Structure formats: C-alpha cells, structure tokens
Amino acid sequence: MTVRFPEIITQNSVMGDLLQYLELIAPSGQPVLILGETGVGKELFARALHDASGRDGLFIAVNVAGLDDHMFSDTLFGHVKGTYTGADSDREGLVSRAAGGTLFLDEIGDLAEPAQIRLLRLVQEQEYYRLGCDTPSRSDARIVIATNRDLRRAMNDGRFRKDLYYRLFAHQIPVPPLRSRPDDIPLLLDSFVRYAAQSLGREVPSYHPELITLLGSYSFPGNVREFQAMVFEAVARSGGGKISLDLFKEIILRERSDALPAQGGAGRPEVPPVIAFSRFPTLKEAEDLLIAQALALAKSNQGVAAAMLGISRQALNRRLQPKDK
Ligand SMILES: Nc1ncnc2c1ncn2[C@@H]1O[C@H](COP(=O)(O)OP(=O)(O)OP(=O)(O)O)[C@@H](O)[C@H]1O
C-alpha cells in the first residue's frame, strides 16, 4: 500500500512502479489506457488517476461492452430532441457531464468501427457531435480506457483501428494479474477479512497461517474481485470463529471445478475432475484421485497438497510411494 494511493493495497514492486507512473501522468489530462485481466483493479487505477489529477469535475465510469454505434453515441455524446423516436428532449451525454473530470470507458475491446472513429476524434481533438446535431461540441473530459483484451492482436487482426491504438499507446498501465504477485496476498487477505467482518458486524476472525501458502498456489482467474468474494464467503460461513483451512480449501476446489471444462474443452485439462467414476469407487481409488487432484491444484507442491488434504507432508509422501503387491 502506498501512502499516495491508500485504496490500492499492494507491496509488489511492479505495482509500485505503475503507481509512480500513474502519479507522474495524472496531471497531464492525456488519455490513458489501462490493460489487465478481469477483476485486476483497472477501475480502481482509473479512480486513483482521477484523484491524483487535481481535476475537480466528476469521475464517470461507463461499460461500453456490447454498445452498438448508436447506443455508444447516445450514451457518450447525447442527442437533440426529435432525433429519433423516443428522443423527447435534448439530452446531455456523459462526455459533457465529465467535463473538467474523467470519463472511464470500460471494456473497449469490441467497440464497433464507427464508434472507434468517434472515440479517436474525441481523444485527439476533444470534439464530438451530439446525435442529430451538425455543430461539434467540445469537452475537456480526460478519457481513460480499459480492456482485458489484447489490443495489439485486435489491431493486427484488423478489429481495432491502428490510429486509435497508437493514440492510446503513449500512456499505458498494464496491471499484472494477482497470480503473478503472490506477495500481495497477505495484505489483501488481512484487509478483506477486516472489511468482511465489519460488514457482517462481527469480530475480525483469525485464520490458519497455512492459508497464505494455499492461496499462493491458486491461479485466481477472477483476480482480486474473486479473492474478495472468496474471503467474504469464508468469513460469513466461519460463523464468527477462526477461518478454517478446510473451509477455504472447499471454496477453492469449488471455484476450480467451476472453471473446468465440462468435457474435453479448453480450460484447465491438467486438473483431473473429482468425480470420474462410472461405478462407485473403492476407498483407495477415491483417495488416489483426491491426491492427484490436490497435487494438480497445488502445481505439484507436496506441502501445499498435503495442507489441502489435511494430512502431514510425510503422510502424503508415504501414500505416494509405490507399494509392493
Ligand atoms: N490492489 C487492490 N487493493 C484493494 N482492492 C482491490 C485491488 N485491486 C482490485 N481491488 C478490488 O477488486 C474489485 C475489482 O476491481 P476493479 O473493478 O477495479 O477491477 P477491473 O479490472 O476494473 O475489473 P473488470 O475488468 O471486470 O471491469 C474491486 O472491488 C476493487 O476495489
């Protein structure tokens, strides 16, 4: 956590460098592109950028995924009365409402080409047209754009305009996924446990120290948002007592198996499914499968797998030794 951005919890050096860069570019008013997987904290970074910018206008966030050109223009630029059926009065768009502030456009990856052209004009000239109006309007709203897509690839495939890409390219903030910064897990865990306990009106519970190791072995496809939700569930289900390792293992296993393909699809084929028997398994078969599952989830780390299975490392090792028949 940096003093400058207390709401962004981190002690990771890559994140620290990004926050320094963010602080550097904040006052400029230049457009900024924030990249990163879902739930990684892109909107949090955009808000921090706005807070550090010294701009006294509003911060407005809008998700533009799935908006066609008409909806995009209507939402961002507004319209004049009578332009289309249902346009009963003049309406101001978000670009105008965010004047003097920041307009955060989330999930820009799939934007239709005509909308990309309008966006380019906006970031380049600070100019736009309300629907049904031939006279351009102006707004000094700072435009911050986020996507979880690979924009360079989209550009190479002809789905994202080169001119817009290179206009946004100058100030990029690539937020790393949570799995690549396990050093952030203890801080985030403490903060989320406190927050969840507070929201539920409970004492802050303690947790098993092995939990940090267990969490470090999980890939967090939904990143910090997923982590936050898991902690909330664990605190809620721990009934005010200590958060047990077993409870967290159960939540992680459930999340992992939800992320598994139904059969043979793309996903995480390296993890064997828990239920894989066409007949009732013997105890030995079930145990072997659970051990394989735990080892796969723990990326072959025997210490973590043993913790997940609730046995000692030595006990796991014994079970892994080939037996003489
Ligand atoms: N470093 C962090 N410290 C504290 N909270 C965080 C951090 N990163 C993310 N969060 C929290 O995780 C949640 C998801 O963050 P956010 O909405 O900013 O992600 P996002 O990348 O914009 O997601 P999406 O791609 O789905 O729009 C929010 O509740 C946010 O407050």
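Strand E8, residues 142-147, is mostly covered: six of its six residues are buried. The model is a predicted one. Both faces of E8 are covered. On one side sit Arg142, Val144 and Ala146. On the other sit Ile143, Ile145 and Thr147. In a regular strand, side chains alternate between the two faces of the sheet.

**The sheet around E8**

Which strands make up the open sheet, and in what order? Five strands form it, in the order E2-E5-E8-E1-E9, and the pairing is parallel. Strand E2 (59-63) and strand E9 (172-174) stand at the edges. Each has a single partner strand, so one side of each is left without a neighbour in the sheet. Neighbouring strands here are turned by 15° against each other on average, direction ignored.

Strands of a sheet pair through backbone hydrogen bonds, either parallel or antiparallel. E8 pairs with E1 on the parallel pattern, over four bridges. E5 and E8 also run parallel, and four bridges join them. Val144 in E8 stands opposite Val32, and Phe104 stands opposite Val144 as well. Arg142 in E8 is the bridge partner of Thr102.

| Strand | Residues | Bridges to E8 | Sense |
|---|---|---|---|
| E1 | 32-35 | four | parallel |
| E5 | 102-106 | four | parallel |

**Helices H5 and H7**

Helix H5 covers residues 113-125, and helix H7 covers residues 162-169. They pack at an angle of about 35°, with their axes 9 Å apart. H5 passes H7 in a left-handed crossing.

Which residues meet where H5 packs on H7? From H5 come Gln116, Leu119, Leu120, Val123 and Gln124. From H7 come Asp163, Leu164 and Arg167. The residues of this contact divide into four nonpolar, two polar and two charged.

Leu119 is one of the H5 residues that meet H7. Is Leu119 buried or exposed? The cut-off for burial is 20 or more other C-beta atoms within 10 Å. Leu119 has 24 other C-beta atoms within 10 Å, so Leu119 is buried. Ser73 is 46 residues away from Leu119 along the chain, yet their C-alpha atoms are separated by 9.4 Å.

**The whole chain**

The protein has 14 helices and nine strands. Of its 325 residues, 29% count as buried. Among the contacts with a separation of 6 or more, 68% come from residues 24 or more positions apart.

**Confidence**

How does the prediction score? The protein averages a pLDDT of 87, and 88% of the residues score at least 70. Where does the pLDDT fall below 50? Residues 260-278 are such a stretch. Beyond near neighbours in sequence, this stretch has 23 contacts in the model. The model scores ipTM 0.99 and pTM 0.79.

Technical notes. Residues are numbered from 1 along each chain as its sequence is written. This is a predicted model: local features need pLDDT of at least 70, side-chain atom pairs count only at pLDDT 80 or more; totals for chains, interfaces and linings use all residues. Axes are lines fitted to C-alpha atoms, for helices over the stretch in contact, and angles run from 0 to 180 degrees between N-to-C directions. Helices (H or I, at least four residues) and strands (E, at least two) are DSSP runs, numbered from the N terminus. A crossing is left-handed if the near helix is turned anticlockwise from the far one by less than a right angle, and right-handed if clockwise. Two residues are in contact if their C-beta atoms, placed from the backbone, lie within 7 Å. Ala, Val, Leu, Ile, Met, Phe, Trp, Tyr, Cys and Pro count as nonpolar, Asp, Glu, Lys and Arg as charged, and the others, Gly among them, as polar. pLDDT is the predictor's confidence in each residue, from 0 to 100. A residue is buried if 20 or more other C-beta atoms lie within 10 Å of its own, exposed if 12 or fewer, and partly exposed in between; C-beta atoms are placed from the backbone. Two strands pair if DSSP finds at least two bridges between them.
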